[in-house]
Amino acid sequence: MKRILLFIATNLAVVLVLGVVLNIVFSVLGIDRSSITGLLVFCAVFGFGGATISLFMSKWMAKRAYGVQVIEQPRNEMEHWLVTTVARQAQQAGIGMPEVGVYQSNDMNAFATGARRNDSLVAVSTGLMYSMSRDEAEAVLAHEISHVANGDMVTLTLVQGVVNTFVMFFARIVANLISSFLSRDEEEEGGGMGGIAYFVTVMVLELVFGMLASVIVMWFSRQREYRADEGSARLVGKEKMIAALERLRRGPESELEGSLAAFGINGKQHSELFMSHPPLEKRIQALRELR
């Protein structure tokens with residue numbers, strides 16, 4: 001419930017901010033809101049704006065949604081090892097020291113998030129820390145550090161922004177054609193359902209186009225998982241990363257949700273076209289073939 005309320009409140013705030021930005025853009029550039037250019041600007045502001053704001057809020061959202069406890073001063077040997085390991089790997093990868101946190105979950109998982117390579121967050125579940133060996137946990141941390149070093153958060157946001165823009169744009173173009181056609185028929189009959197038809201059609205088309213477009217986003221997400229696995233292998237050795245993936249294969253499905261699911265070490269298992277992570281078997285095979 002806490003995550004749902006946080007999600008709703010955040011999205012309402014984002015819509016409000018983007019509405020103000022859109023009005024400023026139209027006023028400054030003198031763009032006709034009813035033109036094709038105006039529609040494209042509207043879709044770009046909301047498509048890119050929503051993804052970008054989510055990226056900049058990602059650390060704040062993650063901490064509150066999952067109750068991440070950032071380690072300011074290690075209180076025990078486990079936390080000391082965690083901070084020391086992340087610091088060493090960050091230095092090897094050439095990035096700034098991330099914030100390091102732990103969140104309560106039986107799920108064996110970890111995630112990285114943040115808008116900048118030198119200002120990120122790496123969070124680890126208690127389930128992972130107490131279920132994996134140190135070598136396996138070290139490989140998982142290296143995987144997350146590789147996500148940060150590769151700039152995956154920013155590139156995935158850009159991809160999502162482009163996809164969002166065109167989904168919104170084409171949904172409205174098609175809906176306008178359908179609504180215009182229906183309006184002509186209704187005018188002949190004395191009806192007035194054009195506006196309702198347009199709104200409903202936009203919602204349906206955004207859902208359909210969004211599902212189709214998610215195939216592209218998920219394909220990109222799977223490719224950066226392979227790159228992060230390879231980055232982990234180069235930081236700590238591929239055998240450790242293979243062992244970590246083997247352990248995940250025997251564990252429960254990921255509990256991470258939303259955008260954070262794409263940056264966890266393990267993803268939900270369903271149709272591969274819509275998976276943010278490749279099947280664990282394929283990731284293990286790719287590492288075994290790595291030279």
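This is a predicted model: local features need pLDDT of at least 70, side-chain atom pairs count only at pLDDT 80 or more; totals for chains, interfaces and linings use all residues.

Biologist: Where is Glu79 placed, and what does Glu79 touch beyond residues up to four places away in sequence?

Modeller: Glu79 has its place in helix α3, which covers residues 77-93, and, once residues up to four places away in sequence are set aside, Glu79 touches Ile71, Gln73 and Pro74.

Biologist: What makes the pairing of the Glu79 and Arg75 side chains a polar contact?

Modeller: The two side chains are joined at 2.6 Å, and a polar contact asks for a pair of N or O atoms within 3.5 Å, one able to donate a hydrogen and the other to accept it, so the pairing of Glu79 with Arg75 is called a polar contact.

Biologist: Why is Leu40 called partly exposed and not buried or exposed?

Modeller: Leu40, which is found in helix α2, has a relative accessible area of 37%. Since buried means under 20% and exposed over 50%, the value for Leu40 falls in between, and therefore Leu40 is called partly exposed.

Biologist: Which residues is Leu40 in contact with, leaving aside its neighbours within four places in sequence?

Modeller: Leu40 is in contact with Thr165 and Phe169. As for Met168, its C-alpha is 8.8 Å from that of Leu40, although the two residues are 128 residues apart in sequence.

Biologist: How do you know that α5 reaches close to its expected span?

Modeller: Helix α5, residues 134-149, has 16 residues, and its reach from first C-alpha to last is 22 Å, which is close to the 22 Å expected at 1.5 Å a residue. Just after α5, Gly151 takes a positive phi of about 70 degrees.

Biologist: What makes α5 mostly covered?

Modeller: Of the 16 residues in α5, 13 are buried, and buried means under 20% relative accessible area, so the helix is described as mostly covered.

Biologist: How do the residues lining the second largest pocket divide into nonpolar, polar and charged, and which helix supplies the largest share?

Modeller: The lining divides into six nonpolar, four polar and two charged residues, and includes Phe26, Arg33, Arg172 and Tyr198. Helices α2 (36-66) and α6 (152-189) each supply at least two lining residues, with the largest share, four residues, coming from α2. The space in this second largest pocket is about 220 Å³.

How values were computed. Residues are numbered from 1 along each chain as its sequence is written. Side-chain values use heavy atoms; hydrogens and water are left out. The expected span of a helix is 1.5 Å times one less than its number of residues. Buried means under 20% relative accessible area, exposed over 50%, partly exposed in between (1.4 Å probe, protein chains only). On a 1 Å grid over the protein atoms alone, a cavity is a set of points where a 1.4 Å probe fits but cannot get out, and a pocket is an open set with protein on both sides within 12 Å along at least five of seven lines; lining residues have an atom within 4 Å of a point. Grid points are joined across faces, edges and corners, and a volume is the space filled by probe spheres set on the points. Ala, Val, Leu, Ile, Met, Phe, Trp, Tyr, Cys and Pro count as nonpolar, Asp, Glu, Lys and Arg as charged, and the others, Gly among them, as polar. Contact means heavy atoms within 4.5 Å.
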